[in-house]
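Colleague: I would like to go through this model with you, question by question. Could you put it up first?

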Amino acid sequence: MRRLLTTLLLLSLLGCTHTKEVLYTQHATFPEGATHEEKIDIAARVVPSKKQLAWQELELTAFIHFGINTFTGSEWGSGEEDPAMFNPTALDCEQWVLTLKKGGFKMVILTAKHHDGFCLWPTATTKHSVVHSPWRDGKGDVVRELSEACRKHNMKFGFYLSPWDRNAPSYGDSPAYNALFIAQLTELLTNYGRVDEIWFDGACGEGPNGKRQEYDWKNIMLTVRRYQPDAVTAIMGDDIRWVGNEGGRGRETEWSATPYTPQSCVGGPEANAALDLEEMTRDLGSRELVARSNGIYWYPSEVDVSIRPGWFYHAEEDDKVRSLANLVDIYYTSVGRNSVLLLNIPPDQRGLIHEIDAARIEEFGRYIAENFTASKLVGKVRRWHAEAGASREIEVAKGEMVNTVLLQEDIRHGQRVERFTVEAYVDGAWSVVAEGTTIGYKRLLRFEECAAERLRVTINECRATANISNVAVYCAKEIAE
Ligand code: FUL
């Protein structure tokens, strides 16, 4: 009997120490009267949904801006273009997908409709589409060709559908245009198999009647969830946040757990105005901001940037394709700053990714694979539950030079690190080589190349116990311009 009681007591004690942590998927509202500490504790326990996590792990995604602008030289078409102008001579979506695969990209997002309203698929909703172009005798469908090429080559597929439409006569007549927009969305969501990301741009203008269009976000989101529940929605969508610039830069302090409310949520614009928050706001997650707010969203950032000055292809920009060094810098400031990179590579008038861009993308893919795959640490840090102030020392393989450190948090348990330091032991002395604030899914920091024998990582400050899932160190090659 005594033995049984002792066993029961032991089991209950063990049970206490293993109580499951309370986590909040994608959103948590603070209870009335929550203290600052309670708010921070909840903020540390907001976690991504399954599809947000899968999206974050893609790291590299590609944008394809292609449409009537490709043939007019414009960036924002007026909507008055003649569909007959759309006539790619050698369109080949497999060439796009195979090129992007060489670059390491895991998803392609196509501008199915840009602001000019021209539809790249044979929609029943308007005459302003590929049906009235000479391309493939009006029987072509770019969305079909790309989605099939993606399926064939194991690439994820998404589309950009511009809410702003400068061609639709009903634009500005809110209910009528919303019905048209939802009909277009439904066609794209139901006729092309699995869709992984849907990109709703934030641009909004006046219609021909001089009225500003009010989008029906509630029904737009319901439509997506009804037909493609596993797709993430970006920008005006509520799964993925625009980083706030088009220059390839995530914040040095980039919180995925943020008081910023997606604009399409009911009350979102008002909640953000009350906190004085916009997508461009520098601080989207500090303790001070969390203390002033009413709740937290898991709303991670996506860095969209073009490989050329424009979003669409213009032959006169052929000599302005970003250099490898510049693309690698962008990799550090996007993927390396807790964001997903969405790099735009616009096909030309043939309907092909231009040779210059294709060569650059391949070089980029090779550089990333060669420089950020094999860590020079002896052993691995897989699970480190770090309290504030905790340090770990890790040995570097003998004789190796190093210049880049990688840190990752297991975001399935939330984003928690607020400050960290990395030191290197060289010639008998420790010195700080990198320090920062947030880590999140992934953080990469460069430092001056050195022959470190060991590294010491310290988690100086965190919200609840930090869950470090990876530490690695590399020697990224210098790139000759
Ligand atoms: C912007 C658009 O206005 C640009 O043309 C481009 O599509 C970019 C990705 O989003 O808001």
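**Ring pairs and packing**

Colleague: Are phenylalanine 66 and tryptophan 96 buried or exposed?

Modeller: This is a predicted model, where local features need pLDDT of at least 70, side-chain atom pairs count only at pLDDT 80 or more, and totals for chains, interfaces and linings use all residues. Residues are numbered from 1 along each chain as its sequence is written, and side-chain values use heavy atoms, with hydrogens and water left out. The cut-offs are under 20% relative accessible area for buried, over 50% for exposed and partly exposed in between (1.4 Å probe, protein chains only). Phenylalanine 66 and tryptophan 96 are both buried.

Colleague: How many aromatic pairs are there?

Modeller: Rings of Phe, Tyr and Trp (its six-membered ring) pair if their centres lie within 6.5 Å; planes under 30 degrees apart are stacked, over 60 edge-to-face, the rest tilted. By this rule, the count of aromatic pairs is 25.

Colleague: What angle do the planes of phenylalanine 66 and tryptophan 96 make?

Modeller: The two residues form an aromatic pair with centres 5.6 Å apart. The pair is edge-to-face, with an angle between the planes of 70°.

Colleague: Which parts of the chain does the pair of phenylalanine 66 and tryptophan 96 link?

Modeller: Helices (H or I, at least four residues) and strands (E, at least two) are DSSP runs, numbered from the N terminus. The two residues are 30 apart, and the pair links distant parts of the chain. Phenylalanine 66 is in the loop between β4 (60-64) and α4 (68-72), and tryptophan 96 is in helix α5 (residues 93-102).

Colleague: Why is the pair of phenylalanine 86 and phenylalanine 118 tilted?

Modeller: The ring centres are 5.3 Å apart. The pair is tilted because the planes are at 40°.

Colleague: How many residues apart in sequence are the parts that phenylalanine 86 and phenylalanine 118 tie together?

Modeller: Phenylalanine 86 lies in the loop between α4 and α5, phenylalanine 118 in the loop between β5 (107-113) and α6 (142-152). Phenylalanine 86 is buried at a relative accessible area of 0%, and phenylalanine 118 is buried at 2%. The pair ties together parts whose distance in sequence is 32 residues.

Colleague: Which residue lies over the face of tryptophan 255?

Modeller: A charge sits over a ring if NZ of Lys or CZ of Arg is within 6 Å of the ring centre and within 35 degrees of the ring normal. Arginine 456 lies over the face of tryptophan 430, at 4.2 Å from the ring centre. Over tryptophan 255, at 3.8 Å from the ring centre, lies arginine 463.

Colleague: At what angle do α5 and α12 pack?

Modeller: Axes are lines fitted to C-alpha atoms, for helices over the stretch in contact, and angles run from 0 to 180 degrees between N-to-C directions. The axes of α5 and helix α12 (residues 355-371) are 7 Å apart. The packing angle is about 35°.

Colleague: Which residues of α12 does α5 meet?

Modeller: Contact means heavy atoms within 4.5 Å. From α5 come Thr99, Leu100 and Lys102. In α12 they meet Ala358, Ile361, Glu362 and Gly365.

Colleague: What classes of residue make the contact of α5 with α12?

Modeller: Ala, Val, Leu, Ile, Met, Phe, Trp, Tyr, Cys and Pro count as nonpolar, Asp, Glu, Lys and Arg as charged, and the others, Gly among them, as polar. The contact has three nonpolar, two polar and two charged residues.

Colleague: What does threonine 111 touch?

Modeller: Threonine 111 is in strand β5. Its relative accessible area is 1%, so it counts as buried. Residues up to four places away in sequence aside, threonine 111 touches Ile64, His65, Phe66, Leu120 and Tyr160.

Colleague: Which residues is aspartate 348 in contact with?

Modeller: Aspartate 348 lies in the loop between β13 (339-344) and α12. It counts as buried, at 3% relative accessibility. Neighbours within four places in sequence aside, its contacts are Phe66, Thr70, Tyr313 and His354.

Colleague: What is the phi of glutamate 59?

Modeller: Most residues other than glycine have a negative phi. Glutamate 59 is in the loop between α3 (50-56) and β4, and is buried at 13%. Its phi is positive, near 65°.
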